[in-house]
Amino acid sequence: MTALLEVEDLHVWFDLQDGGELHAVQGVSVGVEPGERLGLVGESGCGKTTTVLALMGLLPPSASASGRVLLEGKDVLAGGEASMRPHRWTDVAIIFQGAMNALNPVQTIGSQIVEAIELHGRARRTAARVQTGELLESVGIPAARADRFPHELSGGMRQRAAIAMALSCHPKVLIADEPTTALDVMVQAQILELLDSLCRDFGLALILVTHDLPVVAQLCDHGAVMYAGEIVERGLVDTLYHAPRHPYTRLLFAATPDLGQEAEEIVSIPGAPPRLDRPLVGCPFRPRCDSAFGPCATARPLLRSVSDVQSAACHLNDLHSGAPG
Amino acid sequence: MSAQTTPLLEVDDLVVHYPVPRGLIGLLRRRPQLAVHAVDGVTLALQPGELVALVGESGCGKTTTAQAVLRLVDPVSGSIRFQGDDITELGMRALRPLRRRMQIVYQDPYESLDPRLRVQATVEEPLLIHGIGRSRAERASLVRNALARAGLSPPELFLERFPHQLSGGQRQRVAIAAALVLDPQLLVADEPVSMLDVSVRAGVLRLLEELKASGLGILMITHDLSTAARFADRIAVMYLGRIVEEGPAGEVVRNPQHPYTKALLSVVPRRDPRMRRRPQILRGETPDAVRIPSGCRFHPRCPIAIDVCTTEDPSLRRPDATQSPRHRAACLLA
């Protein structure tokens, strides 16, 4: 059986003004199945947003990509815009952090969604308006509010409108890039609940891009931790938390305060991620790692499976079968 | 922190309103002047060496409270006492010497630092403004001490750098150093880590913890209950311009008494995927602060409200189900 969406060995380079190149994504492979929820986690600059922009075919002209993006077995990256275009929004849709930026400020939310439906030839006029009303209701906006402008809505309602628009062509995969970062906790909870029900009720696959580990722990089945342009560990969120096999995953959790664990030491990770405009030697995480040893300085560890449900890119896993640290 | 010492900061029944512009037509038609009730009766105390977290959603008035405490906005009524002295009515000139004793660190170190100034100049600027340090050498040594106190050591490594040559965590430490160089007694930290990457947040928070241990009083504004629970001595939860619950951090987190606090705590995502709970999600959004609901201002969203809640405005008092004498909640049913 072919996977719904599969990314294989994705690389993205950005041309820099001084003539150099920034290797933002360095061989990422991920996939999702219908109804599956994958969390793509990492700090700023780790390449998580670039990864999802690449698989939407939305990279800026200064970027070049290689690898394969397979939608139900068909490579949509190879043919460039021509091969991506029929699938964007109809098969894969995306919502961004600042919903205000995704919406046209001088058009009502309803007419923007009607436009999206008509443009993709899914319905016309009255039928499109009826569909828009249903879409808005399905994300928790009363249909009567279709004639509101984005600025008349609160941040949470705008994000709901952006989700409704992303769903207008019934995509199979929804990518959510930091969908709740600018929102208050209560509104965040409402949006996460909505995403959860969309996956459950419609079998929508979700790729959630975030820096917020607890959000992934609560909403996703699988997680992929990115560092310096590559996935350093992936697996079920439960194993990532309870039995991490990469020190970065373990340290990232340890740096996150948790309600109810107030006695616990919260430790930051010293140093900063490496620059990606020059070749990396050895393990990219080695300078910040608390358990680096011999081979880490010279050999770059590859992402290898350490169990049925987990892979990690760490030399410690070659050394012994237990969890590192 | 004995009760006998004078609190560093005492805020009593503070009220701050922002007028809503009426426009010419509104003025001519004599429409009533409306106001945003940003802060609507806040009472708060902070001891030296104590970290109090002011928690709440956007628009609840936590930043306005902090600005009023620093006298950056003028209150309509209520009083602010700093080290026992009433500073509510002080004029600009009289405030100036006080300003060096109360400093603020903002949320975004990418915005709060002047990109054209080297670290040395950024941290020295407050000294020049307040006329502290007679010689350049004296100021330079104060700057180095402040950088070291903010965890940027050795200071020589950072003095000549520009903000763009620093990481986010280092930038925030420079902003903290620029506040510390005046040797303040009160530090207001407005969302000090929310713009920083997870891996460096803990370092900045632990710096605040160290500063607190050296006697600094810190008022931290945050929307992150997990951070407040871990790093604050006391938590004050704000809703629509009022503190609705306040008490020792552990007590508020483990034994919340106000339904708003309970709901807020229930929606905080946990690190452990096995700790998935049914969050108690409040419907709708915070009403706007122009038209405050009657009675208890939380009643339209409250899951347990009864008839009396629509008419009676509860005040902060010690709830029945609490062990701590310093735990207070503003709920008729607590």
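**Exercise 1.** Which residues of α8(B) are buried?

*Solution.* Keep in mind that this is a predicted model. Start by finding the helix: α8 of chain B covers residues 198-213. Next, check its length: its 16 residues reach 24 Å from first C-alpha to last, close to the 22 Å expected at 1.5 Å a residue. Now apply the cut-off, 20 or more other C-beta atoms within 10 Å. The buried ones are V198(B), S199(B), V200(B), R201(B), A202(B), G203(B), V204(B), L205(B), L207(B), L208(B), L211(B) and K212(B). That makes 12 of 16, so α8(B) is largely enclosed by the rest of the structure. Just past the helix, G215(B) takes a positive phi of about 110°.

**Exercise 2.** Find what the buried residues of α8(B) pack against.

*Solution.* Look within chain B to begin with: the partners there are β3 (51-55), α7 (168-180), β7 (186-190), β8 (217-222) and α9 (225-231). Then cross over to chain A, where α10 (247-254) joins the list.

**Exercise 3.** Work out what chain B brings to its contact with chain A.

*Solution.* Count residues: 34 come from chain B and 33 from chain A. On the chain B side, α8, α9, α10 (249-254) and α11 (259-266) each give two or more residues. The largest share, 7 residues, belongs to α8(B). Finally, sort that side by type: 16 nonpolar, 8 polar and 10 charged.

Notes: Residues numbered from 1 in each chain as written. Chains lettered and ligands numbered in written order. Predicted model: local features only at pLDDT ≥ 70, side-chain atom pairs only at ≥ 80, totals over all residues. Helix = DSSP H or I, 4+ residues; strand = E, 2+ residues; numbered from the N terminus. Expected span 1.5 Å × (residues − 1). Contact = placed C-beta atoms within 7 Å. Nonpolar A, V, L, I, M, F, W, Y, C, P; charged D, E, K, R; others polar.
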